[in-house]
Amino acid sequence: MNDPEPTVIGKISYTNSWPVFHNFHPSSLSFPAEMVSEVPAILNQGMTSGSIHVGALSSFAYAAASERLLLLPDLSVSSDGPVKSILMFSRVPLAQVASGTIAVTNTSATSVNLLKILMAKAVNGKPEYISAAPDLDKMMAGADACLLIGDNAIRASWQDQGYIVTDLGELWKEWTGFGMTFAVWAVNREAAGRRPEAVAEIADAFVESKRRGQQNLAPIIRDACSAIGGTAAYWDTYFRNLCYDFGERQQEGRNLYFRYAYELGLLQHEVKMEMWSHNLLTRVNE
């Protein structure tokens, strides 16, 4: 590869992506590469600007910057029903939350906008949204409900504080009949043109890492117990419940999410998904 700068790979720091990343090692690639582990909001900025060349980012961030990105095939973090880590905690039932105040986490646009879509279209509500740091007690001190995602949501779900817990993956599935894709893997278009061989090697390495991760969850479960807490049985169920593929069903559910986001003005443009492929590499090399 003739680009002297290292290829920068974005890694979502949440546990839900660990089965894809666990067996992925930048040092084993045939070119200089480094991995940046961050919350989605930071990765989204890097992927959009091009300072991160390839990696995972939230679905909504991909949509907002889709003209600058190409999707990698066969990789996502999706659920077909409950996701167990995108949770709304409330004192009152959903119908009453619809006219109340919801504190939302400031770390992921995908989940916040999923909540806004569900409240507007599934519940016919118009709550007030306030942005807050992800702390259950502080959020609930000033709101009727709050949205937590990722490891903060998981930890909060282990404490029974008497709140009603609504799983947004489950609510989306009940309302639409589709699963929900929370994160995708993509490559910056400029990087794909400049580093085609590197992107091909990274895409293959991620798919192989996913295969190995799903085949042997034991070390990933051990890491989750050590880093977050909880039992091995919890994490085994959690990881097996998630889908890491990106087939037709996942794409249909995600396209529906994008359409609703556009209808509500959450997205400024309609999204046309474009996939990176090895064919693109062939065309570049010809």
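User: What kind of model is it, and how are residues numbered?

Analyst: This is a predicted model, in which local features need pLDDT of at least 70 and side-chain atom pairs count only at pLDDT 80 or more, while totals for chains, interfaces and linings use all residues. Residues are numbered from 1 along each chain as its sequence is written, and side-chain values use heavy atoms, with hydrogens and water left out.

User: How many helices and strands are there?

Analyst: The protein has 14 helices and 10 strands; these are DSSP runs numbered from the N terminus, with helices being H or I of at least four residues and strands being E of at least two.

User: What is the radius of gyration, and what would a compact globule have?

Analyst: The protein has 19 Å, which agrees with the value near 19 Å for a compact globule of 286 residues, where the radius is taken over C-alpha atoms and the globule rule is 2.2 Å times the number of residues to the power 0.38. Along its principal axes, the C-alpha trace spans about 60 × 40 × 30 Å.

User: And how much of it is buried?

Analyst: Buried residues make up 52% of the 286 residues, with buried meaning under 20% relative accessible area, exposed over 50% and partly exposed in between, for a 1.4 Å probe and protein chains only. The accessible surface comes to about 12,300 Å², of which 48% belongs to carbon and sulfur atoms; areas come from the Shrake-Rupley method with a 1.4 Å probe, and for residues only the protein chains shown count as cover.

User: What share of the contacts is between residues 24 or more positions apart?

Analyst: Such residues account for 83% of the contacts with a separation of 6 or more, a contact meaning heavy atoms within 4.5 Å.

User: Switching to strands, which ones pair with strand 3?

Analyst: Strand 3, residues 54-58, has 5 of its 5 residues buried. Strand 1 (residues 7-12) pairs with strand 3 in the parallel sense over 2 bridges, and Gly 10 has Gly 55 of strand 3 as its bridge partner. Strand 10 (residues 180-188) pairs with strand 3 in the antiparallel sense over 5 bridges, with Ala 183 of strand 10 as the bridge partner of Ser 58. Two strands count as paired if DSSP finds at least two bridges between them.

User: What about helix 11, which residues are buried there and what do they pack against?

Analyst: In helix 11, residues 218-227, the residues Pro 219, Ile 220, Ile 221 and Ala 224 are buried, and the buried residues of this helix pack against helix 1 (18-21), helix 10 (196-215) and helix 12 (232-241). Gly 229, with a positive phi near 105 degrees, follows helix 11.

User: Which non-glycine residues have a positive phi?

Analyst: Among them are Asp 74, with a phi of about 70 degrees, and Lys 84, with a phi of about 75 degrees. Asp 74 sits in strand 4 (residues 69-79) and counts as partly exposed because its relative accessibility is 41%. Lys 84 is in the loop between strand 4 and strand 5 (86-90), and its relative accessibility of 28% makes Lys 84 partly exposed as well.

User: Last one: is Glu 248 buried or exposed?

Analyst: Glu 248, which lies in helix 13 (residues 248-263), is exposed, because its relative accessible area is 64%. Glu 248 and Trp 18 are 230 residues apart in sequence and 23 Å apart in space, C-alpha to C-alpha.
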